[in-house]
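My entries follow the structure below.

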Amino acid sequence: MNEELKTGDPAPNFNLPDHSGTLHTLASHHGSWLILYFYPKDNTSACTTEALAFSAVYEELSEHGVPVIGISPDNPESHRKFIEKHDLKITLLSDENHSVIETFGAWKLKKMYGKEYMGVERSTFLIDPEGIIRGIWRKVKVKGHVEEVTERLSDLKRRI
């Protein structure tokens, strides 16, 4: 198992497809801040709420050159349907073999209804223009999370 990522660590690279099959990498975002979040499944209640919350601040973040990317094990077709159904503005990437999810330490043992299984722990990473992790949120509770991330981003942009 990899050592867990910490604030100040370089963000691991990724190369994953979006809903249209276009590949996205960390390197393609060099020079801009990036909000990268991991979520369990398209079209589930909390995941939809989180995606809609990030989409609600998309315009404001875009004006400042800050993309938001969500990553889940869902396939590109599932992402396409999710985006269309909810008119999402953010980019969603497919990590079907969960290799990037694992690299970021978001693939965890979970429990539901007394059963244990491996799955995505809702997590968010704030990455600076040089590819350094400046904020990490694990075991994210959706309510108020987007506001917390955008406040941290604003604070960091003022100081860095």
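**Salt bridges.** I searched the whole structure and found 12 salt bridges. A salt bridge here is a side-chain nitrogen of Lys or Arg within 4 Å of a carboxyl oxygen of Asp or Glu. I am working with a predicted model: local features need pLDDT of at least 70, side-chain atom pairs count only at pLDDT 80 or more, and totals for chains, interfaces and linings use all residues. Residues are numbered from 1 along each chain as its sequence is written, and side-chain values use heavy atoms, with hydrogens and water left out.

**K108 and E4.** I looked up this pair and found a salt bridge of 3.2 Å, N to O. K108 is in strand β6 and E4 is in the segment before β1 (15–17), so the bridge ties together parts 104 residues apart in sequence. Strands (E, at least two residues) and helices (H or I, at least four) are DSSP runs, numbered from the N terminus. I also noted a salt-bridge network that links E4, K108 and R138.

**R122 and E50.** Their side chains form a salt bridge at 2.8 Å, N to O. R122 is in the loop between β7 and β8 (123–127), while E50 is in helix α1, 72 residues apart. Are they buried or exposed? R122 counts as buried at 11% relative accessibility, and E50 counts as buried at 1%. Buried means under 20% relative accessible area, exposed over 50%, and partly exposed in between (1.4 Å probe, protein chains only).

**E84 and R80.** In this salt bridge the closest N and O atoms are 2.8 Å apart. Both residues lie in helix α3, four residues apart, about one turn of the helix. E84 is exposed at 52%, and R80 is partly exposed at 26%.

**Helix α3.** Next I checked which residues of α3 (residues 76–86) are buried, and I noted H79, F82 and I83. They fall within an arc of 95 degrees seen down the axis, so they line one face of the helix. The arc is that of the directions from the helix axis to the C-beta atoms. The face turned away carries the exposed residues E84 and K85. The buried residues pack against α1 (45–56), β4 (68–72) and β5 (91–94).

**H79.** I finished with H79, which counts as buried at 0% relative accessibility. Its side chain reaches the backbone oxygen of L93 at 2.9 Å. Among the residues H79 touches are H19, Y39 and D42; contact means heavy atoms within 4.5 Å.

Terms used: Polar contact = N/O pair within 3.5 Å; in protein donor to acceptor, adjacent residues only side chain to side chain. Lists of a residue's contacts leave out its neighbours within four places in sequence.
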